[in-house]
Amino acid sequence: MDAILTVEHLQKYYGSRGSVTRAIDDVNLRVEPGEFVGIMGASGSGKTTLLNCISTIDAPTSGRIFVEGRDITTLKSRELSRFRRERLGFVFQDCNLLDTLTAFENIALALTILKTPAGEIEGRVQKTAGLLGIADCLNKYPYQLSGGQRQRTAAARAIITDPALVLADEPTGALDSKSARLLLERFEALNEARGTTILMVTHDAFTASYCRRILFLRDGKSFTELVRGNDSRKAFFGKIIEVVTLLGGACDDVL
Ligand SMILES: Nc1ncnc2c1ncn2[C@@H]1O[C@H](COP(=O)(O)OP(=O)(O)O)[C@@H](O)[C@H]1O
Ligand SMILES: [Mg+2]
């Protein structure tokens with residue numbers, strides 16, 4: 001089967017001669033359909049830069065990125081926004097819900113933008129909300145929801161369009177540990193039951209332990225990779241901590 005995502009020799013440099021930051025320095029990555037992959041590394045290791053290049057928010061200095069076989073580094077701006085809308089789902093640390101819309105309307109908006117027939121919307125929102133455990137929250141406004149419920153609403157909005165790839169940057173960063181666990185269990189279930197392909201950036205070992213495979217970055221370069229295989233989540237967590245220690249133990253410092 002073809003990869004959902006292929007990153008080839010990606011470089012992203014910031015600054016100019018004299019003071020260049022090699023935020024991403026020759027990274028290669030391949031994500032197959034149905035994978036749940038984590039990107040880990042200390043603060044400043046290039047995680048967000050990598051994700052921003054894949055999500056087309058940022059343009060690479062060199063290298064190529066293919067999503068479903070299409071080289072997205074060559075897309076023009078109109079094609080880019082269409083690609084982003086139709087093929088990607090985003091979950092960020094601060095969930096970016098619209099305050100003046102209910103949870104239902106926030107989630108439905110993603111479908112409206114894609115010109116989904118009105119008759120389909122109600123059912124699809126209900127079904128997705130059920131998957132994320134927020135069926136009771138749909139008539140509430142963001143300020144009436146807990147942080148965890150808001151983040152699961154954002155996740156519902158991200159997956160309702162059936163994107164090829166869901167990109168999440170520190171999705172548990174603003175959540176207490178119970179809400180984080182709930183969100184991650186939903187991600188795990190979406191990945192297992194629906195086959196949603198997820199690429200999640202985190203600096204946190206507990207969050208990363210929900211992934212099936214983890215790429216570790218150090219100073220913009222691939223450092224190593226861990227595959228969960230048949231390990232329990234707890235055993236995998238232990239292995240992650242070992243790599244974090246090798247990396248210099250800096251994964252749990254400030255974001
Ligand atoms: N827009 C930018 N301009 C200049 N330097 C940047 C910019 N964005 C990130 N960087 C630098 O690139 C490196 C990687 O940053 P980032 O990808 O945000 O790391 P992480 O998400 O792993 O904490 C850091 O040294 C950061 O200071
Ligand atoms: Mg970051």
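## Close-up views of a predicted model

**View 1. Strands E1 and E2 pair in the antiparallel sense.** Eight bridges join E1 and E2 in this predicted model. Among the residues of this pair, Leu10 has Val27 in E2 as its bridge partner. Six residues lie between the two strands of the E1 and E2 hairpin. Gly15 in this hairpin takes a positive phi near 85°.

**View 2. E1 and E2 belong to an open sheet of four strands.** The order is E2-E1-E4-E5, and the pairing is antiparallel. E2 and strand E5 (70-71) each have a single partner strand, so one side of each lacks a neighbour in the sheet. Strand E1 (residues 5-14) also pairs with strand E4 (residues 62-67), in the antiparallel sense. Five bridges hold this second pairing. One of the positions to look for is Gln11, whose bridge partner in E4 is Ser62. Helix H1 packs on the sheet and touches E1, E2 and E4. The direction of H1 makes about 120° with that of E1.

**View 3. A second open sheet has six strands.** Its strand order is E6-E7-E8-E3-E9-E10. Here the pairing is mixed. Strand E6 (88-91) and strand E10 (221-227) are the edge strands, and each pairs on one side only. On average, neighbouring strands of this sheet are turned by 20° against each other, direction ignored.

**View 4. Strands E7 and E8 run parallel.** Four bridges join E7 (residues 165-169) to E8 (residues 198-202). Within this pair, Val166 stands opposite Ile198 in E8. Strands of a sheet pair through backbone hydrogen bonds, either parallel or antiparallel.

**View 5. Helices H1 and H2 lie across strands of the six-stranded sheet.** Helix H1 (residues 47-54) lies across strand E3 (36-40), E6, E7, E8 and strand E9 (213-218). H1 runs at about 150° to E7. Helix H2 (residues 77-87) lies across E6 and E7. The angle of H2 to E6 is about 75°. H1 also packs on the four-stranded sheet, where E1, E2 and E4 are the strands it touches.

**View 6. Eleven residues are listed around ligand 1.** They are Tyr14, Thr21, Ala23, Ala42, Ser43, Gly44, Ser45, Gly46, Lys47, Thr48 and Thr49. By class, this shell has three nonpolar, seven polar and one charged residues. Which element gives the largest share of the shell? H1 does, with three residues.

**View 7. Oxygen atoms of ligand 1 lie by N or O atoms of Ser45, Lys47 and Thr48.** For Ser45, a backbone N or O atom lies 3.2 Å from an oxygen atom of the ligand. The side chain of Lys47 places an N or O atom 2.9 Å from an oxygen atom of ligand 1. For Thr48, an N or O atom in the side chain is 2.9 Å from an oxygen atom of ligand 1. Taken alone, ligand 1 exposes 560 Å², and the protein buries 58% of that. Strand E2 (21-31) and H1 are the elements that give two or more residues to the shell.

Methods:
Residues are numbered from 1 along each chain as its sequence is written. Chains are lettered from A and ligands numbered from 1 in the order in which they are written. This is a predicted model: local features need pLDDT of at least 70, side-chain atom pairs count only at pLDDT 80 or more; totals for chains, interfaces and linings use all residues. Side-chain values use heavy atoms; hydrogens and water are left out. Two strands pair if DSSP finds at least two bridges between them. Axes are lines fitted to C-alpha atoms, for helices over the stretch in contact, and angles run from 0 to 180 degrees between N-to-C directions. Contact means heavy atoms within 4.5 Å. A residue is near a molecule or strand if one of its heavy atoms lies within 4 Å of it. A polar contact is a pair of N or O atoms within 3.5 Å; within protein, one must be able to donate a hydrogen and the other to accept it, and residues adjacent in sequence count only if both atoms are side-chain atoms. Accessible areas come from the Shrake-Rupley method with a 1.4 Å probe; for residues, only the protein chains shown count as cover. Ala, Val, Leu, Ile, Met, Phe, Trp, Tyr, Cys and Pro count as nonpolar, Asp, Glu, Lys and Arg as charged, and the others, Gly among them, as polar.
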